[in-house]
Amino acid sequence: MATARLDYVAPWWTYWLHNFPHFNFFFQSTDNTFKPEEASYQQSLIFLACVGAIGLGLSLLVLAVCLVCLCCCRKEIDEDTKRPDTCCLTWSAVITGLCICSAVGVGFYGNSETNDGVYQLTYSLSNANHTLGDINNLVAGSMGNVQTGLKQHLERLDEIFAARSDYLQALRFMQLMVNNVIREMTTLPDINKANVDLAAIADQTAFVEYYRWLTYLLLLILDLVICLAICLGMAKQSRWLLIMIMAFVVLSMILSWASLGAGTATAVGTSDFCVSPDKFIVNQTKDFLTADVAHYYLFCSPNLPNPFQQSLTICQRSLTTMQIQIQGLLQFSVPIFPTAERDLLGIQRLLNSTEFSLHQLTALLDCRGLHKDYLDALMGVCYDGVEGLLYLSLFSLLAGCALSAMLCAIFRVWTLMGIRDKEYDDIDEEDPFNPQARRMSYNPRRSNIHSFCSYTSSLGSQASLQPPLQSTSNAPPPEYMNQSMLFGGSPRYENAPLIGRGSPPPSYSPSMRTTYLSMTDAQIRHFGTDFQV
């Protein structure tokens with residue numbers, strides 16, 4: 001039963017990328033055919049890579065305009081001005097963080113898809129390289145058996161059968177068959193160069209892919225760390241942490257735009273190859289493969305004949321004819337020439353080994369095995385690989401824009417922190433409503449005023465003085481009492497009388513008022529005019 005032949009159809013996104021305009025450094029349109037060895041095509045890819053530089057320049061321009069606006073439009077905040085509203089800034093930071101997290105998710109998916117596609121490419125190249133290596137070993141082994149082993153045995157048999165012309169004629173016929181096998185073996189393609197090229201391509205591709213995957217992984221982790229650090233910095237209001245965040249944001253933004261340019265150029269170049277890979281491979285292998293051989297393996301169509309079938313058939317018939325001749329010589333010449341048996345058996349073993357290698361070679365030279373590896377490589381590069389590069393380009397674009405907005409938000413947070421610090425510096429330490437000033441006023445080391453209770457206790461008259469009975473009244477408490485209850489929870493009584501205002505301050509306690517009114521003239525003279533009414 002014939003197996004269905006697999007066909008390759010380029011995906012739509014490769015055609016979309018293939019139609020991107022290709023310009024050289026002089027802004028002249030160039031051919032979009034995949035020709036990496038031509039300078040004009042290389043310039044077109046470098047021109048596409050400059051997209052990242054253009055995006056970085058625009059981001060820096062927008063960032064500069066934003067910073068200038070923030071610096072120029074910043075107003076001085078008076079003492080009665082309320083703290084600026086940070087709702088817009090908070091929502092901007094949240095939206096920016098969500099955009100970066102979404103971009104990181106897209107980047108992880110794209111990095112994985114690209115790595116899978118490149119791994120499938122290298123795996124297929126390794127399989128094809130192994131197949132070509134086996135073909136090369138079989139061809140070399142068969143040629144060695146025929147050219148060296150068979151000729152040596154035939155030369156010794158020619159000496160043994162020198163007296164028998166009929167046996168010599170059989171040997172001449174076998175020599176003719178050996179020459180046919182050698183001639184047909186040499187017509188097989190020289191695949192040593194192809195073998196070496198595939199191995200080198202697979203190794204270089206795997207090397208580059210490892211560092212590409214690692215670079216994107218570190219960039220994705222850096223963006224996640226930046227998101228976490230910006231949340232921590234805004235929560236703790238740490239200026240040094242914000243400085244570090246701004247430095248890493250600038251670094252990540254530069255890397256994002258650079259990766260956008262590199263990813264775009266790589267995706268477009270790969271798409272140019274994926275649109276018509278057969279033409280490129282035929283041109284690359286024309287030095288050691290004929291066009292019919294290349295088309296046989298690239299298309300593997302039932303309508304295409306096997307270019308090696310005639311050579312393999314001639315080799316198979318020649319080996320079969322030699323097997324028949326050896327069987328006859330073993331049957332008729334060994335009784336007459338016993339010494340010829342060893343060489344005849346040696347030729348028979350070599351013929352059996354060569355025939356077995358020829359069967360393996362026929363199976364390996366069939367187009368289905370190499371064509372499957374070719375299709376797997378194309379599927380890996382043009383489907384998973386290019387798709388992953390598109391997702392990575394989307395990640396770079398989103399991350400570059402979001403990081404630019406985040407940098408503006410961080411600078412705005414920086415300015416608000418500066419305003420907050422200025423507000424704290426403008427607070428009067430002598431303000432009685434300042435908690436710090438209140439704590440300082442309660443420190444006995446900072447007070448140089450003699451308390452009224454201290455001098456009364458030194459006279460020994462505080463305990464002997466009896467306060468008068470306080471009359472009950474239904475009048476509302478004074479305003480200062482309401483304020484005292486509001487700020488302290490209980491009426492605050494001053495520890496030292498402030499005499500000299502014409503009347504005792506309303507914060508005096510009843511006992512202090514009684515003691516003040518009962519002061520004698522001697523006590524007034526002792527304290528001087530500090531407590532005069």
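## Basis and confidence

The model is predicted: local features need pLDDT of at least 70, side-chain atom pairs count only at pLDDT 80 or more, and totals for chains, interfaces and linings use all residues. Residues are numbered from 1 along each chain as its sequence is written, and side-chain values use heavy atoms, with hydrogens and water left out.

The mean pLDDT (the predictor's confidence in each residue, from 0 to 100) is 78 for the protein, and 73% of the residues score at least 70. Over residues 1–5 pLDDT stays under 50, and the model has six contacts beyond four places in sequence for them; a contact means heavy atoms within 4.5 Å. Over residues 421–429 pLDDT also stays under 50, with 10 contacts beyond four places in sequence. Where pLDDT is low, the predicted coordinates should not be read in detail.

## Overall makeup

The protein has 16 helices and zero strands. Of the 533 residues, 40% count as buried. Buried means under 20% relative accessible area, exposed means over 50%, and partly exposed lies in between (1.4 Å probe, protein chains only).

Among contacts between residues at least 6 apart in sequence, 80% join residues at least 24 apart. The protein exposes about 31,300 Å², of which carbon and sulfur atoms supply 61%. Accessible areas come from the Shrake-Rupley method with a 1.4 Å probe; for residues, only the protein chains shown count as cover.

## Disulfides

A search of the whole structure finds two disulfides, a disulfide being a pair of cysteine sulfur atoms within 2.5 Å. One joins cysteine 274 to cysteine 382, with an S to S distance of 1.9 Å. The angle about this S-S bond is -90°, and the link is left-handed. Cysteine 274 lies in helix H6 and cysteine 382 in helix H11, so the pair ties together parts that are 108 residues apart in sequence. Both cysteine 274 and cysteine 382 are buried.

The other disulfide is formed by cysteine 300 and cysteine 367, whose sulfur atoms are 2.1 Å apart. Here the angle about the S-S bond is 60°, and the link is right-handed. Distant parts of the chain are linked by this pair: cysteine 300 is in the loop between helix H8 (291–299) and helix H9 (309–332), and cysteine 367 is in helix H11, 67 residues apart. Cysteine 300 counts as buried because its relative accessibility is 8%, and cysteine 367 because its relative accessibility is 5%. With the bonded cysteines numbered in sequence order, the pairing is 1-4, 2-3.

Cysteine 227 counts as buried, at 7% relative accessibility. Cysteine 401 is in no disulfide, and the nearest cysteine sulfur, that of cysteine 99, is 9.3 Å away. Cysteine 401 is partly exposed, with a relative accessible area of 44%.

## Serine 252 and leucine 403

Serine 252 is in helix H6 (residues 239–275) and counts as buried, at 0% relative accessibility. Leaving aside neighbours within four places in sequence, serine 252 is in contact with Leu219, Leu222, Asp223, Ile226 and Leu403.

Leucine 403 is in helix H11 (residues 367–425) and is buried, with a relative accessible area of 0%. Not counting residues up to four places away in sequence, leucine 403 touches Ile100, Asp223, Val249, Ser252, Met253 and Ser256. Leucine 403 and cysteine 227 are 176 residues apart in sequence, and their C-alpha atoms are 9.8 Å apart in space.

## Nonpolar surface patch

Phe108, Leu218, Ile221, Leu224 and Val225 make a nonpolar surface patch of about 410 Å². Patches are made of residues with over 30% relative accessible area and no salt bridge; like charges are joined within 9 Å, and nonpolar side chains (Val, Leu, Ile, Met, Phe, Trp, Tyr) within 5 Å. A salt bridge is a side-chain nitrogen of Lys or Arg within 4 Å of a carboxyl oxygen of Asp or Glu.

Helix H5 (residues 192–236) gives the largest share of the nonpolar patch, four residues. Isoleucine 221 is found in helix H5 and is partly exposed, with a relative accessible area of 40%.

Methods: Helices (H or I, at least four residues) and strands (E, at least two) are DSSP runs, numbered from the N terminus.
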